[in-house]
Amino acid sequence: MDSKDFVRPQGSGCVVSIDASPGAKRTEIAGMNRWRGSVQVKIAAEPKEGEANEELVRFLADIFSVPRDSVRLLKGERSSRKSVFLPVDVERARAVLGGH
C-alpha cells in the first residue's frame, strides 16, 4: 500500500483514513487530502458525547448501503483523524469515496 493511500484492505473489508470536521451545516465528503492520505468529511454534528462519531458512521453506512453496526470506528474516537472499518472491498471504497 502506498503510504499516501486513504484505504487499505483488512479482513472482510477495508479501513479508510478520515479527517473529520464536525460542526458543518451538512454531512458530506469535502475532498481528498492526498498528502495525509485521507478523505475529508464534513460532519453535521458537534464533537460532544460521540455525536459526530455517530453521524460519521450513519453517513458512511448510508452511502455504502450497509448496516450501521457493520461500520466500526477503529481509531480516533476523540480526534479528527479517524480510521474506520467498512465491510466493502477496497475498489468499491475508492470508487465511492474518491468519486465525490
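# Close-up views of a predicted model

**View 1. The largest nonpolar core.** The largest nonpolar core of this predicted model has 27 residues. V16, L60, F64 and L86 have the most contacts inside this core. α1 gives the most, with seven residues. A nonpolar core here is a set of buried Ala, Val, Leu, Ile, Met, Phe, Trp, Tyr and Cys residues joined through side-chain atoms within 4.5 Å. Buried means under 20% relative accessible area, exposed means over 50%, and partly exposed lies in between (1.4 Å probe, protein chains only). Helices (H or I, at least four residues) and strands (E, at least two) are DSSP runs, numbered from the N terminus. In soluble globular proteins, nonpolar side chains tend to be buried together.

Residues are numbered from 1 along each chain as its sequence is written, and side-chain values use heavy atoms, with hydrogens and water left out. Because the model is predicted, local features need pLDDT of at least 70 and side-chain atom pairs count only at pLDDT 80 or more, while totals for chains, interfaces and linings use all residues.

**View 2. F64 and its contacts.** F64 is one of the residues with the most contacts inside the core. F64 touches L86, V88, R92, A93, V96 and L97, leaving out residues up to four places away in sequence. Contact means heavy atoms within 4.5 Å.

**View 3. Helix α1.** α1 has 14 residues. From first C-alpha to last, α1 reaches 20 Å, close to the 20 Å expected at 1.5 Å a residue. That expected span is 1.5 Å times one less than the number of residues. The buried residues of α1 are A52, N53, E55, L56, V57, F59, L60, A61 and F64. Their cover includes β2, β3 (28-33), β4, β5 (72-75), β6 and α2.

**View 4. A52 in α1.** A52 is in helix α1. At 8% relative accessibility, A52 counts as buried. A52 touches P22, I43, A45, E46 and P47, again leaving out residues up to four places away in sequence. E28 is 24 residues from A52 along the chain, and the two C-alpha atoms are separated by 13 Å.

**View 5. The two sides of α2.** The buried residues of α2 are V90, A93, V96 and L97. Seen down the axis of α2, they fall within an arc of 135°, so they line one face of the helix. The arc is that of the directions from the helix axis to the C-beta atoms. These buried residues pack against β1 (7-10), β2, β3, β4 and α1. The face turned away from the buried side carries the exposed residues E91 and A95.

**View 6. R72 over F85.** The charged end of R72 sits over the ring of F85, 4.4 Å from the ring centre. A charge counts as over a ring if NZ of Lys or CZ of Arg is within 6 Å of the ring centre and within 35 degrees of the ring normal.

View 7. Most residues other than glycine have a negative phi. E49, in the loop between β4 and α1, has a positive phi near 50°. E49 is exposed, with a relative accessible area of 76%. S65 follows α1, and its phi is positive, near 55°. S65 lies in the loop between α1 and β5. At 64% relative accessibility, S65 counts as exposed.

**View 8. The loop between β3 and β4.** R34 is in this loop. R34 is exposed, with a relative accessible area of 59%. R36 lies in the loop between β3 and β4. At 33% relative accessibility, R36 counts as partly exposed. Leaving aside neighbours within four places in sequence, R36 is in contact with D19 and R81. R36 and D62 are 25 Å apart, C-alpha to C-alpha. G37 is also found in the loop between β3 and β4. G37 is buried, with a relative accessible area of 3%. The C-alpha atoms of G37 and S12 are separated by 22 Å.
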